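Good morning, colleagues. Please bring the sequence and the model up on your screens, as I shall speak about aromatic rings and their neighbours.

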Amino acid sequence: MSILIKSATLIDPGNTSLHLKKRDVLVKKGTIEKIAAKISVGRNTQIIERHNLHLSVGWFDSSVAFGEPGFEERETITNGLEVAAKSGFTDILLNTNTSPTPDTSSDIVFLKERGNGKVTNLYPLGNLTQAGKGEHLAELYDMHNAGAVGFYDYKKSIADANLMKIALLYAQNFGGLVCSFPQDTSIAAHGNVHEGEVSTRLGLKGVPALAEELQIARDLFLLEYTGGKLHIPTVSSIGSIKLIAEAKKKGLDVTCSVPIHNLFFTDKELETFDTNFKTKPPIRQKQDAQALLKGLKNGTIDFVTSDHTPIDIEEKRVEFDNADFGTIGLESAFGGLNALLDTEETVKLLTKGRERFHVKTPKLKEGEPANLTLFDPDEEYVFSTGHIGSTSKNSIFLNKKIKGLVYGSINNGKMVLN
């Protein structure tokens, strides 16, 4: 397949010769064959022309959940990867909230096979503990050899400090990355939202920022003792940022991410009791959101994530206390982030993080594989169900004004366009 992308503004901050230049890009057999001011082609080439067309290397998301196996009604792998491609993501990490959970090498092989042949590459995470129960380590080395890029009990913290210590020590033998969800369950208890003025006034059970910060402090102490590599997904509080910044100054090998919706929203949104705002970690106060943005800009927070979590409508259309945690986020990720930051910063953040998980970083260069995202950064619109391709519709961004449309993506010799 030959594709000619016409008059696209290239966003590639690391390449001064191309960055912000308007160029034609010719893709043949999955490879970038030519980048030039004007390219002429024959009849057998598909030409892509769109309003205000921009192009960057494909985007990466480090925290995506679907449902398969076990919860296919939420999202299948096939549909989820189609949604990811249409949302601009050419590489995603798949979380472990399935049934059964992936805690053996055969589970990892199954997930990789289900993801083969798509525009978006699927990189599976494996459970850190058997069945995600936090009692015994899973088959980390075998899963690593089968293709697992990290180990994570999705949205479950490891209460046993000695088990976390052993995991950090053991994973060093093969360069494995341990991921630890930041929430002390003894403090969080049965909380649903950020503990503060709003939760108290509305009568909702709160999750204090202390629950996140205690867990992070413990894990960082363990990391300092053991060495190894630690990733802390989805941080949400000012205190967490300070702890991680101090750890990085000490030279500890730690990274962290933040959900885009935790940058965009505050707990004021809970006034409507809309269960789409019930997320884990919870959206917090304005000062937290501001600190998270600052942490992104100064590098304390390493990358952003959509934290895409499809939830069946029956699990959301109930009383707030009984609703499941989570929001879908792939379709709104670019528009939400781009509404807060300029386009260059947005694209830089959406293309960061691959190296942490040993995923190859694409290049916008002749002779390189075409791993590309096409978008318009300036279109403002109200996000609606019509913008959702996921099987589940539980979006926190519904009826919110965001900025930036994704036209599609190209990868693996294939193309998906909206």
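I shall go through the ring pairs, and then the charges placed over rings.

This is a predicted model, in which local features need pLDDT of at least 70, side-chain atom pairs count only at pLDDT 80 or more, and totals for chains, interfaces and linings use all residues. Residues are numbered from 1 along each chain as its sequence is written, and side-chain values use heavy atoms, without hydrogens and water.

Rings of Phe, Tyr and Trp (its six-membered ring) pair if their centres lie within 6.5 Å; planes under 30 degrees apart are stacked, over 60 edge-to-face, and the rest tilted. By this rule there are 14 aromatic pairs. One of them joins Tyr170 and Phe174, edge-to-face, at 5.7 Å centre to centre with 75° between the planes.

For accessibility, buried means under 20% relative accessible area, exposed over 50%, and partly exposed in between (1.4 Å probe, protein chains only). Tyr170 is partly exposed at 35%, whereas Phe174 is buried at 13%.

The pair of Phe334 and Phe375 is also edge-to-face, because the centres are 5.2 Å apart and the planes stand at 65°. Phe334 is buried at 1% relative accessibility, and Phe375 is buried at 0%.

Finally, a charge sits over a ring if NZ of Lys or CZ of Arg is within 6 Å of the ring centre and within 35 degrees of the ring normal. The charged end of Arg74 lies over the ring of Phe71, 4.3 Å from its centre; that of Lys278 lies over the ring of Phe325, at 4.7 Å from the centre.
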